[in-house]
Amino acid sequence: MNSLSLFKRASRCFDDYPSLAKLAVVCTISGGCYVAYADANGTGGAPPVLEEIKKKKVVVLGTGWAGTSFLKKLNNPSYDVQVISPRNYFAFTPLLPSVTCGTVEARSIVEPIRSIVKKKSIDISFWEAECFKIEAENKKVHCRPNSESSKNGKEEFVVDYDYLIIAMGARPNTFNTPGVVENCNFLKEVEDAQQIRQSVINSFEKASLPTFSDEERKRMLHFVVVGGGPTGVEFAAELHDFVNEDLVKLYPAAKDFVKITLLEASDHILNVFDKRITAFAEEKFQRDGIDVKLGSMVVKVSDKEISTKVRGNDGEITTIPYGMVVWSTGNGTHPVIKDFMQQIGQSNRRALATDEWLRVEGCSTIYALGDCATVNQRKVMGFLLQNSTWSSSIDLVISYYGKRSEGFVSATGHGEGYTESN
């Protein structure tokens, strides 16, 4: 009786709502098809499992300006990014001369690299290590921890990559001058700036002792800066202010013994800038009592004397007693970059040659950024001229500035091998 009543009610619902009958038929057919498909494929009714897509691995070498800028701009989650660098922070290097004299504290110009990558929504990990070899053929980089204990080679490790970003920067260019590495201070890292500051203080403390003659005090308080570029000029100016505004108040007896000398091999300091800037800087140094020696090329540095050869002086070598030397003569090439350049046939260059996409020439999966690389400027200019749709007058302007840039390229050393003679 109950079954018959239930059947009548269902029949009445289908009569009142014909769409329910259609829905019941569709559900029955769909269910039957799904069961038949599951039986045919042996899934037992479980939905198929999609295979996980393997991410491409990107290895970034360096946490300087180029490497950090790349990390900040990278937002694609389809890459697994591994950062490797001997320093775990990014440093605002233009303020390093100010750190040497305490105008700015070191902690004010650094930011931990882990804090930078933590803000990203993609997978980025960091290892504090040093890369000492790149295998382009096998897509591997050889690294070791950035510590004294790793020098025995037992802690070395190898990292595979799909894409490699070389942003290792550069090292100070010593021009293979004898004694530079052993006796000079450089100004490339925060640790360098802190060491220079400590050396300046130590020189004043030592000169204050009663056991030294006036001649020895003059030598101890003679600060020599080699290189008339932006870094050398700014450091000389910062040191002058530091000595005259702070140190002479603490060490009044040492005031008459302090001397700052700037050595520059060319005819002017700041020679890549406008001539008016150069003239102003030279006049300012002359008023401040900073001895600028132009045309002086350093040939040797000992523990107490620096030997220079003055241009136009028949090759005569003169020696200058000093207490501290800061060497700032431009950028040199890292040994690991030199080795890599020999592998890919670029051994006659000072920086890695890249195309307009910053891809290392001859390596489709390796990119180079920053001071360790240079863009093939002649090819870039040719590409612009061939593919532009501008008017002939605009083309003429580009051609003009393209030739004007050759002088700048030759002066700075960038783009070596791609400049053409006029």
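1. Let me begin with a pair inside one helix. Asp 214 and Arg 217 form a salt bridge, with the closest N and O atoms 3.2 Å apart; the term means a side-chain nitrogen of Lys or Arg within 4 Å of a carboxyl oxygen of Asp or Glu. The two sit three residues apart in helix H8 (residues 214–220), so about one helical turn separates them. Helices here are DSSP runs of H or I with at least four residues, strands are runs of E with at least two, and both are numbered from the N terminus. Asp 214 is partly exposed at 45% relative accessibility, whereas Arg 217 is buried at 14%. Buried means under 20% relative accessible area, exposed over 50%, and partly exposed in between (1.4 Å probe, protein chains only).

2. A word on provenance before going on. This is a predicted model, in which local features need pLDDT of at least 70 and side-chain atom pairs count only at pLDDT 80 or more, while totals for chains, interfaces and linings use all residues. Residues are numbered from 1 along each chain as its sequence is written, and side-chain values use heavy atoms, with hydrogens and water left out.

3. How many salt bridges does the rule give? The count comes to 14. One of the bridges joins Lys 284 to Asp 288, with the closest N and O atoms 2.6 Å apart. Both residues lie in helix H10, four residues apart, about one turn of the helix. Lys 284 is partly exposed at 31% relative accessible area, and Asp 288 is partly exposed at 25%.

4. Asp 160 pairs with Lys 140, the closest N and O atoms being 2.6 Å apart. Asp 160 belongs to strand S7 (residues 157–160) and Lys 140 to strand S6 (residues 140–145), so the bridge ties together parts that are 20 residues apart in sequence. Asp 160 is partly exposed, with a relative accessible area of 42%, and Lys 140 is partly exposed, with 27%. Elsewhere, Lys 259, Asp 291 and Lys 293 are linked in a network of salt bridges.

5. The largest nonpolar core has 39 residues, and Val 200, Phe 204 and Phe 235 have the most contacts inside it. Such a core is a set of buried Ala, Val, Leu, Ile, Met, Phe, Trp, Tyr and Cys residues joined through side-chain atoms within 4.5 Å. Elements that each supply at least two residues include helix H4 (96–100), helix H7 (190–207), helix H9 (230–250) and strand S16 (324–327). H9 gives the most, with eight residues.

6. Leaving out residues up to four places away in sequence, Phe 235 touches Pro 97, Thr 100, Leu 187, Ile 196, Val 225, Met 324 and Val 326, where contact means heavy atoms within 4.5 Å. A second, separate core of 23 residues includes Cys 143, Cys 363, Ile 366 and Cys 372.

7. Strand S16 is covered on both faces: Met 324 and Val 326 on one side, and Val 325 and Trp 327 on the other, are all buried. S10 and S16 run parallel and are joined by four bridges; strands count as paired if DSSP finds at least two bridges between them. Val 224 stands opposite Val 325 in S16.

8. In helix H3 (residues 65–73), the buried residues are Ala 66, Gly 67, Thr 68 and Leu 71. Their cover includes strand S1 (56–61), strand S2 (79–85) and helix H5 (113–118).

9. Two backbone angles deserve a look. Most residues other than glycine have a negative phi. Asn 176, however, has a positive phi near 55°; it lies in the loop between strand S9 (171–172) and helix H6 (180–183) and is exposed, with a relative accessible area of 74%. Leu 270 has a positive phi near 50°. Is Leu 270 buried or exposed? Leu 270 counts as buried, at 9% relative accessibility, and its place is in the loop between S11 and H10.
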